[in-house]
Amino acid sequence: MPGEPQDDCLFCKIVAGHVPATIVRETETTVAFRDINPQAPTHVLVIPRVHYRDAAELAAAEPAVAADILREAKAVADEDKLESYRMVFNTGSGAGQTVWHAHAHVLGGRGMQWPPG
Ligand code: AMP
Ligand code: ZN
């Protein structure tokens, strides 16, 4: 069922506390934790507690939770005292998505190039 926890999903396991993570913020609807393979001094993943395969499915099914992720990204940036940050939703394998539970990358603390690779 969309939205229900998936037994084989790493991020559902982090939400449930069955896989450890360096959690930086939690709300009723979201969890934010440091990426295990950071690409910048701040690299935090903000995820919904509910399971959807990507940000587009989440936004279609639960737009309020998608908005919570955008707000939490700003809160993470504020906590790390970032003036600028980049928020990325890799959506689809061609865009680099490897974990099929919606998540925002919040990256900052170094200069960023555009376009991204
Ligand atoms: P994506 O490639 O956009 O699907 O992003 C998945 C991200 O999850 C990658 O940046 C990984 O480094 C990160 N990741 C994978 N396993 C873990 C974990 N156990 N704890 C924290 N981050 C993880
Ligand atoms: Zn999941």
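Trainee: How far does a polar side-chain atom of aspartate 35 lie from an oxygen atom of ligand 1?

Mentor: This is a predicted model, and the distance in it is 2.5 Å. Asparagine 90 and histidine 105 also place a polar side-chain atom by an oxygen atom of ligand 1, at 2.8 Å for asparagine 90 and 2.8 Å for histidine 105. Of the 510 Å² of accessible area that ligand 1 has on its own, the protein covers 84%.

Trainee: Which elements give two or more residues to the shell around ligand 1?

Mentor: Those elements are H1 and E2. The ligand is surrounded by 15 residues, and the closest include Gly96 and Thr98.

Trainee: What describes a pair of aromatic rings?

Mentor: The distance of the centres and the angle of the planes describe such a pair. Here the count is one aromatic pair. The ring centres of phenylalanine 11 and phenylalanine 33 are 5.4 Å apart and the planes meet at 80 degrees, so the pair is edge-to-face, as an angle over 60 degrees requires. Phenylalanine 11 belongs to helix H1 and phenylalanine 33 to strand E2, so the pair links parts of the chain 22 residues apart.

Trainee: Are phenylalanine 11 and phenylalanine 33 buried or exposed?

Mentor: Phenylalanine 11 is buried, at 4% relative accessible area, and phenylalanine 33 is buried, at 3%.

Trainee: Which residues form a nonpolar patch on the surface?

Mentor: Leu70, Tyr85, Met87 and Phe89 form it, with about 310 Å² of accessible area together. Methionine 87 sits in strand E4 and counts as partly exposed, at 30% relative accessibility.

How values were computed. Residues are numbered from 1 along each chain as its sequence is written. Chains are lettered from A and ligands numbered from 1 in the order in which they are written. This is a predicted model: local features need pLDDT of at least 70, side-chain atom pairs count only at pLDDT 80 or more; totals for chains, interfaces and linings use all residues. Side-chain values use heavy atoms; hydrogens and water are left out. Rings of Phe, Tyr and Trp (its six-membered ring) pair if their centres lie within 6.5 Å; planes under 30 degrees apart count as stacked, over 60 as edge-to-face and the rest as tilted. Helices (H or I, at least four residues) and strands (E, at least two) are DSSP runs, numbered from the N terminus. Buried means under 20% relative accessible area, exposed over 50%, partly exposed in between (1.4 Å probe, protein chains only). Patches are made of residues with over 30% relative accessible area and no salt bridge: like charges are joined within 9 Å, nonpolar side chains (Val, Leu, Ile, Met, Phe, Trp, Tyr) within 5 Å. Accessible areas come from the Shrake-Rupley method with a 1.4 Å probe; for residues, only the protein chains shown count as cover. A salt bridge is a side-chain nitrogen of Lys or Arg within 4 Å of a carboxyl oxygen of Asp or Glu. A residue is near a molecule or strand if one of its heavy atoms lies within 4 Å of it. A polar contact is a pair of N or O atoms within 3.5 Å; within protein, one must be able to donate a hydrogen and the other to accept it, and residues adjacent in sequence count only if both atoms are side-chain atoms.
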